[in-house]
Amino acid sequence: MSATSMSALPQAVRALAEADFGAVAQRFREAGFAVALPAPGILTVKGAAPDAQRSSVLVSVGVHGDETGPIEMVAYLLDTLSQSPGALAVDLMLCVGNIDAIRAGKRFIDADLNRMFRLERGALAGTFEAGRADVLIAATRAFFEGSGPQRWHLDLHTAIRPSHYPMFAIVPELIADGPRTRLNAWLGEAGIQAIIMNPASAGTYSYFTAEHLGAAGTTVELGRVGTLGQNDLSQFADASSALDRLLRGLPAHSAKVEPHVFATAQSIMKLSDAFTMSVGRETWNFTALKKGDVIASDGDTVYTVQHDEELVVFPNPDVRVGLRAGIMVVRVS
Ligand SMILES: [Zn+2]
């Protein structure tokens, strides 16, 4: 976004969008916390002495540079919290994911950052985002290293298309039962309507922290993409309140809604440039397809609906070859 439009933003929002933690960091430091800025766009605020009873919470925003709603939401929340800094009851890492893309008002510079959190990057290895992911991985490892067993990672996004469930989350299946129950309860408190259980990594940040760092990690889709400074923050009110309570160590409010749970029926992988899809980028998330419907074709490979009904999420035939072009899910509760 331009320098002019950036300067028109409220101070707290502009600071976070520019990954400037100065004022917030200072308030926590003065209150006796161990505050660090391990890399651009990353702030950690820990208790003065290590405490295994204390939860460790990673909140990431702006992993996609055009998804600005959560940046605004977290900016206001953190600004308020830092004015009574002693209320912070967890070790906090705040990560503004793709600061260069945010600055440019784009989703990414070279390639999707949220596909880089894996060892094998193939053709993506030389991209700008691969380097950024390395920085985030190193800082995230350092943050969780030596922390207690209560580990959270909330990676906050907004969807680029309409959705039959505007608020939904992707939760890795490999998270242990106890932490997953607490995570799902938090998601209900945050107003999340649907939870997709994901059996395999697509290279996302939250799957990485769940698989490698023992975090209850989730990718949360909060409503729709909007322009920085012009987001309708009312759509994030429940999520903001739930996050605020988590950071203050307050008991969870009862769930606003009981989220529906979906299992992943199949992942649609783009294998070659011959890939075509019967649904496109404009298709709403959670659109239902019937048994036998062709979802996509890729040379000799034809993806069809196997269950009586499968719902399509994140359909995108334009992804790079080798990446996931969509998920098919079935409702389990
Ligand atoms: Zn996103």
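I looked up Asp-298 and found that Asp-298 stands opposite Thr-301 in strand E13. The model is predicted: local features need pLDDT of at least 70, side-chain atom pairs count only at pLDDT 80 or more, and totals for chains, interfaces and linings use all residues. Residues are numbered from 1 along each chain as its sequence is written, and side-chain values use heavy atoms, without hydrogens and water.

I then noted that strand E12 (residues 294-298) and E13 pair in the antiparallel sense over four bridges. Pairing requires at least two DSSP bridges between two strands; strands (E, at least two residues) and helices (H or I, at least four) are DSSP runs numbered from the N terminus. The open sheet of three strands has the order E10-E12-E13. E10 (276-277) and E13 (301-304) are edge strands with a single partner each, so one side of each lacks a neighbour in the sheet.

Next I turned to the pockets. A pocket is an open set of points on a 1 Å grid over the protein atoms alone, where a 1.4 Å probe fits, with protein on both sides within 12 Å along at least five of seven lines; lining residues have an atom within 4 Å of a point. A volume is the space filled by probe spheres set on the points, which are joined across faces, edges and corners.

I recorded a volume of about 560 Å³ for the largest pocket. Its lining has 32 residues, and His-64, Arg-107, Asp-112, Arg-115 and Asn-316 lie nearest its centre.

For the second largest pocket I recorded about 280 Å³. Helix H7 gives the most to its lining, with four residues.
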